[in-house]
Amino acid sequence: MRPELNESVEAQSLAEQGMQAASNVEEMPSLSWEMLLSRVKHALGTSAPYLALIGLVGSLLVWWLLSEVIKAPLWEKVPGPVAVASEWFSRHPTFGMSIFTADYYMHIWKSCWRVLQAFTLATVLGVPLGLFMGWSKVFKDYSFPVFETLRPIPMLSWVPLAILMFPGREASVIYVTFLGAFFATTLNTLLGVESIDEVYFRAARCLGSSQRQIFFRIILPGALPFIFTGLQISIGYSWFCLVAGEMIAGEFGLGYLIWNAYMTVEYPVLVIAMITLGFLGWFSSALVRLAGRRLMQWQVREIA
Amino acid sequence: MPQEIPKDNGNGHKDQHPGITQGASGEMTVEHVHKGYGLKPLVKVVLGDCNFVLENRKLTVLIGPSGCGKSTLVNILAGYDMPDSGKVTLDGVPVKGPGRDRLVVFQETALFPWMTTYQNVSFGPRVRNELSKEELRVETTRLLKLVGLEAFADKYPSQLSGGMMRRAELVRALINRPKVMLMDEPFRGLDAMTRALMQEYYVRLFETKPGTNLFVTSEIEEAIFLADRLVIMSNRPATIRKVLEIDLPRPRQFQMLTSKEYLGYKGEALEILHEEAMKAFARGKTSSADFVEAYSKIAGK
């Protein structure tokens, strides 16, 4: 029998001495309503929510003054907040677009559904592509020059080609939206792989990992912070490209609504669609951020 | 499919027993190792003819001022880098690449930040699929207990202190029962108190179950406190300047740091390093100036 190390009283006692103090560290409380409540309380105790409120109300006020009170130059034709609100929250809206009309939600739903499809497709294709480019030097040497030539082409210039390529309008709008998200996701994933410290590869290799294990246990988690930065950027690009696509090729959706409202001189609707896009964009980035935090507990705890 | 990396470097080292300390005998020899970097006319020679032996059951300490090529040598022993000429062997078999029989504890923390302490420590056996789930759990828990980290099994490295990370890394290597442990300035950057604790901790681990250990450092006190054999490196291009056998009683105690024998060894080692520094000084190159500066740091302690 080998003399086993854990029988050594000395080593053990040393371990205990030094580490006892350290093991009395506070446990992280699990997520609960109580915790949520205390978080809200804490937030209300800081100045942030009040400052945010002042900022929002202040900018509404400036908008109102410029467009409806002073009627400043350049602002004559801009619908003011009162005009917008009286359309938006009316049970019987003049132009048929308010939170009580089904049309409004139909446009929102169309746009969200397109973004969801395009963003999902871009993530499913872009993340693996970026990972492979970072993993295999040979593959990167093949694909990177092509990628870098296509990437700077402005997404809007794809619209006519997309209409020519795809049979329906729906597919061409989704395609343009997809392109916007795809390049940002792929590039950030690649940068994420390249950001992983060499020492982790060395450690993994000398501990006996196969290439496959290195891919799934080192490259994928190691690149995750960059991947999620990329996804944040790409969800923003998706909305951007979606609106461009819908304006030109759409039949429904918020982009179409904006263009249509402009053509038919329904200016309050135009602003309603814009603000709605703002909220949707904010909400979708928040979702991506939340998903990132869930997947990267090891980073969240660092901050906590 | 990409090709598999050789795991055992063809040494046929196969250990059936899931161990908690180092595996069977391993003796490494370094013969006439040269290493330079850069292209032909501008080659910067880092190692010029290094020769020494790492014996089993001995703690060999490699000392030299920072920047003299210690890490290059460790990388060659670990198999990350190949020498330009010369030979490195483990039990007579030439080293061809990285392998689990020679594990490195790195200067900077190499714990995977996205894995918990438990997942980090059990990583080696897990990827090699050697142990059953239950065996792995028992083994990992026992090792974590040994280094006082069982309460931190589910914590991520970012939640550990510097000393805890070093201990986690130590057992992450030990769980694989390597023949040779290569410690590349593992306690650098720790505060003085933690460093002293880690030294004591490490020396106890070694004394309880001695294997082949190479410990690289630029601190003379740490070097003599730990060493059975002190290998002193020269200025660049680095060669082995002198090998001192440190004949101090084990187990090593901190009281020893004031003993006459200890001070004798320290004086002898410093004298050699001083000579090297003077040579470097006379040469007047930048690399030599770095050496002199690093030496004055060692001596000033």
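How are α4(A) and α12(A) oriented to each other? Some notes on that and on the chain B sheet follow.

1. Ground rules. This is a predicted model, where local features need pLDDT of at least 70 and side-chain atom pairs count only at pLDDT 80 or more, while totals for chains, interfaces and linings use all residues. Residues are numbered from 1 along each chain as its sequence is written, with chains lettered from A and ligands numbered from 1 in the order in which they are written.

2. The helix pair in chain A. Helix α4 (residues 81-88) and helix α12 (residues 267-295) of chain A pack at about 80°, and their axes are 9 Å apart. So α4(A) and α12(A) are roughly perpendicular to each other (the label covers 65 to 115 degrees). Axes here are lines fitted to C-alpha atoms, for helices over the stretch in contact, with angles from 0 to 180 degrees between N-to-C directions. Helices are DSSP runs of H or I with at least four residues, and strands are E runs of at least two.

3. Who meets whom. From α4(A) come A:Ala83, A:Val84, A:Glu87 and A:Trp88, which meet A:Pro268, A:Val269, A:Val271 and A:Ile272 of α12(A). Contact means C-beta atoms, placed from the backbone, within 7 Å.

4. Strand β9 of chain B. In β9(B) (residues 229-233), 4 of the 5 residues are buried, so the strand is largely enclosed by the rest of the structure. Buried means 20 or more other C-beta atoms within 10 Å of the residue's own.

5. Partners of β9(B). Strand β3 (residues 59-63) of chain B pairs with β9(B) in the parallel sense over 4 bridges; pairing takes at least two DSSP bridges. B:Ile63 has B:Ile232 as its bridge partner in β9(B). Strand β10 (residues 240-245) of chain B pairs with β9(B) in the antiparallel sense, over 5 bridges, and B:Val231 stands opposite B:Val243 in β10(B). A hairpin through 6 residues joins β9(B) to β10(B).

6. The whole sheet. The order is β6-β7-β8-β3-β9-β10 in chain B, an open sheet of 6 strands with mixed pairing. β6 (102-105) and β10 of chain B are at the edges with a single partner strand each, so one side of each has no neighbour in the sheet. Ignoring direction, neighbouring strands are turned by 20° against each other on average.

7. Strand β8 (residues 212-217) of chain B pairs with β3(B) in the parallel sense over 5 bridges, and B:Ile63 has B:Thr217 as its bridge partner in β8(B).

Conventions. Parallel < 35°, antiparallel > 145°, perpendicular 65-115°, else oblique. Contact = placed C-beta atoms within 7 Å. Buried ≥ 20, exposed ≤ 12 C-beta atoms within 10 Å, placed from the backbone.
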